[in-house]
Amino acid sequence: MNEDERWMTAALDEARRALGHDDVPIGCVVVSADGAELARAHNAREDENDPTAHAELIALRDAAAELGSWRLEGATLYVTLEPCAMCAGAMVLARVARLVYGAADPKAGATGSLYNIVQDERLNHRLEVEGGVLAEESSAFLKTFFAGKRDRARPI
């Protein structure tokens with residue numbers, strides 16, 4: 001297992017924690033330039049009643065607090081699903097060096113699928129992007145979650 005797979009496995013483990021409050025199981029880990037874990041988080045929108053409580057934003061806040069700086073230069077962010085526009089913008093603002101994600105998100109992905117905010121040349125910072133790391137595992141986890149939601153919604 002390479003380093004990207006190792007950290008993505010940690011993000012998948014974190015995603016499982018979102019199930020405890022019936023949130024979309026997305027997990028994130030932020031790793032420093034020297035390979036140390038700075039923060040990890042999972043979606044908490046349902047738990048916190050906060051539309052911005054995405055795994056990436058929580059992990060970015062915690063990583064910045066850990067470093068004592070909002071600049072996360074040299075850091076890599078691992079997340080199980082391609083980030084949305086809000087999270088992609090936050091990564092640019094935080095100066096994250098690299099993004100590694102699992103499953104692509106053709107409906108809302110803003111790092112290559114629908115938009116590519118993190119590599120937009122009009123912005124002052126761009127990230128290196130590696131998609132598809134443990135994509136099948138990430139995708140299967142989400143499909144299982146949403147299938148369960150649909151099953152619970154069906155009348156008996």
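Helices and strands here are DSSP runs, numbered from the N terminus: a helix is H or I over at least four residues, and a strand is E over at least two. This is a predicted model, where local features need pLDDT of at least 70, side-chain atom pairs count only at pLDDT 80 or more, and totals for chains, interfaces and linings use all residues. Residues are numbered from 1 along each chain as its sequence is written, and side-chain values use heavy atoms, with hydrogens and water left out.

Start with helix α1. E14 and R17 are three residues apart in this helix, so about one helical turn separates them. They form a salt bridge, with the closest N and O atoms 3.3 Å apart. A salt bridge is a side-chain nitrogen of Lys or Arg within 4 Å of a carboxyl oxygen of Asp or Glu. By this rule the count comes to eight salt bridges.

How do the two partners sit? Buried means under 20% relative accessible area, exposed means over 50%, and partly exposed lies in between (1.4 Å probe, protein chains only). E14 is buried at 3%, while R17 is exposed at 52%.

R6 and E3 are also three residues apart in helix α1. Their side chains meet in a salt bridge of 2.9 Å, N to O. R6 is partly exposed at 40%, and E3 is partly exposed at 46%.

D4 lies in helix α1, residues 3-17. D4 is buried, with a relative accessible area of 15%. Its side chain makes a polar contact of 2.9 Å with the side chain of Y78. A polar contact is a pair of N or O atoms within 3.5 Å; within protein, one must be able to donate a hydrogen and the other to accept it, and residues adjacent in sequence count only if both atoms are side-chain atoms.

Another salt bridge joins the side chains of E37 and R40, at 2.8 Å, N to O. Salt bridges that share partners link D4, R98 and E128 into one network.

Now turn to R95. It sits in the loop between α4 (85-93) and β4 (98-103). A polar atom of the R95 side chain does lie 2.9 Å from the backbone oxygen of L93.
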